[in-house]
Amino acid sequence: FNPFKFGIVGGSDSHVTAVPYRQKNFFGVHGTADDTIEKRMSGTEVLDLNSLWVSPAALSAVWAENNNRESIFAGMKRKEAYSTSGTRITLRFFGGWDYDSQSLDDTDWVKHAYAKGVPMGGDLPARTTSGAPTFAIWAARDPDAANIDRVQVIKGWSINGQSFEKIYDVVWAGDRKPDPESGKVPAIGSTVDLKTGEFTNTQGSPQLKTVWTDPDFDPAIDAFYYARVLEIPTPRWSTMQAAELGMQPPSGKGYTAIIQERAWSSPIWYSADEKARAAAPSGLRVAELEKQGARALNEDELQWLVVGHTLQVDNKVSGQRFEILYGTEGRRVITSVDGEPASTAAMAELMHGGTANYKIEGSHLTTDLNGTPLEIMVYQLGEKYLAAKRDEYGFVNYEVTQLEK
């Protein structure tokens, strides 16, 4: 039993008796504080929350044999559920080992999909072939909302205590071609008129379906997969109501004039069997490193290695290389990522926080990333310096080099 195998549901924190979930009829969530269009569009604050930041509620959907309490709760228990950002998108997501391109053509395809695999929320059956898992996916638009832009599969996995995620565009509307290097499909066109707060359903497709095979499957690594459905661009409620008042649509922190509503399925999990897991290369752990004669640097040695120096940090799992300048006043900044200058705030933020405070106490080098401590210990083995991050389960995943000033 894995307590971290969650299904997906959606809801709201609404303080009115009827929960608003449509952009086009949003009527606020804080009673009389935002119950008129003028109050909402003025950005009035309730408990320090700007009314323009609030969005309509998400919805939960459950696949059940019958529309009764017993069947719906059974569907929740097996995690055969998905969520939307508020529209009534229909989403099916199945995983198995032998779906093919014809699997969705049969009018009885759902019945056959259950027979050959598992639905969202399930665990892939034991692997009996040498191939990769396949997924049958079908999404249909809300009849009272926008067409579908694309369907994606998000895959997550971990290696030596490090977590990874990759987004795959698996089926999309129109004749757009994926970028040959990134594989990402270009953005779909927008029909939103900011002056009128309206859009047309001339882009996208009413439904999309496909059978997708993981192109990067490694039988030795546990993984999860979930589907995400994106609608075409549509106006946010604040854009529609601005048009009603004859205002410019607001935009700023926490909201935007144009959105893409979406749906997320519960995941399907793959677990490697003992044979496949045993065949995978094992990472170096602290206990093994110490058996080789390595020792942790003490506080004085860490001060000498770190303070006032630029360190080259090689992530042995991901292959990324960082150059980090540790100042003499307890601040550090990432100056380079994979040989490219970390010249933008967005890049620096993406790569573990950019500029941040650090401190050295005993054998620990701790960086404060917006209130979350990133704590490492550095070990010396011969002329090499190796590092282990506290939350990576004892794996020694980094090599550290002091660069010349």
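Colleague: How many bridges join strand 5 to strand 7, and in which direction do the two run?

Modeller: Seven bridges join strand 5 to strand 7, and the two strands run antiparallel. Strands here are DSSP runs (E, at least two residues), helices are H or I runs of at least four residues, and both are numbered from the N terminus. Two strands count as paired if DSSP finds at least two bridges between them, and one of the bridge partners is A139 in strand 7, which faces L91. Please keep in mind that this is a predicted model, in which local features need pLDDT of at least 70 and side-chain atom pairs count only at pLDDT 80 or more, while totals for chains, interfaces and linings use all residues. Residues are numbered from 1 along each chain as its sequence is written, and side-chain values use heavy atoms, with hydrogens and water left out.

Colleague: What makes strand 6 and strand 10 the edges of the sheet?

Modeller: The open sheet has four strands in the order 6-5-7-10, with antiparallel pairing. Strand 6 (117–119) and strand 10 each have a single partner strand, so one side of each is left without a neighbour in the sheet. From one strand to the next the twist averages 15 degrees, where axes are lines fitted to C-alpha atoms, for helices over the stretch in contact, and angles run from 0 to 180 degrees between N-to-C directions. Helix 3 (residues 109–116) packs on this sheet, touching strand 5, strand 6 and strand 7, with contact meaning heavy atoms within 4.5 Å.

Colleague: What is meant by a nonpolar core, and which residues have the most contacts inside the largest one?

Modeller: A nonpolar core is a set of buried Ala, Val, Leu, Ile, Met, Phe, Trp, Tyr and Cys residues joined through side-chain atoms within 4.5 Å. The largest has 31 residues, and those with the most contacts inside it are L91, F93, I137, V151, V170, Y225 and V229. Among the elements that give two or more residues to this core are strand 5 (90–96) and strand 7 (134–140), while the largest share, four residues, comes from strand 11. A second, separate core of 24 residues includes L369, I376, Y385 and Y398.

Colleague: Why is the pair of R22 and D144 called a salt bridge?

Modeller: A salt bridge needs a side-chain nitrogen of Lys or Arg within 4 Å of a carboxyl oxygen of Asp or Glu. The side chains of R22 and D144 meet at 4.0 Å, N to O, and the pair is counted as a salt bridge. R22 lies in the segment before helix 1 (37–41) and D144 in the loop between strand 7 and strand 8, 122 residues apart. R22, K24, D142 and D144 are linked in a network of salt bridges.

Colleague: Is R22 buried or exposed, and how is that decided?

Modeller: Buried means under 20% relative accessible area, exposed over 50%, and partly exposed in between (1.4 Å probe, protein chains only). R22 has 11% relative accessibility and therefore counts as buried, whereas D144, at 45%, is partly exposed.

Colleague: What makes the pair of K316 and E399 a tie between separate parts of the sequence?

Modeller: K316 lies in the loop between strand 17 (310–315) and strand 18 (321–326) and E399 in strand 25, so the pair ties together parts that are 83 residues apart in sequence. Their closest N and O atoms are 3.3 Å apart. K316, at 53%, counts as exposed, and E399, at 17%, counts as buried.
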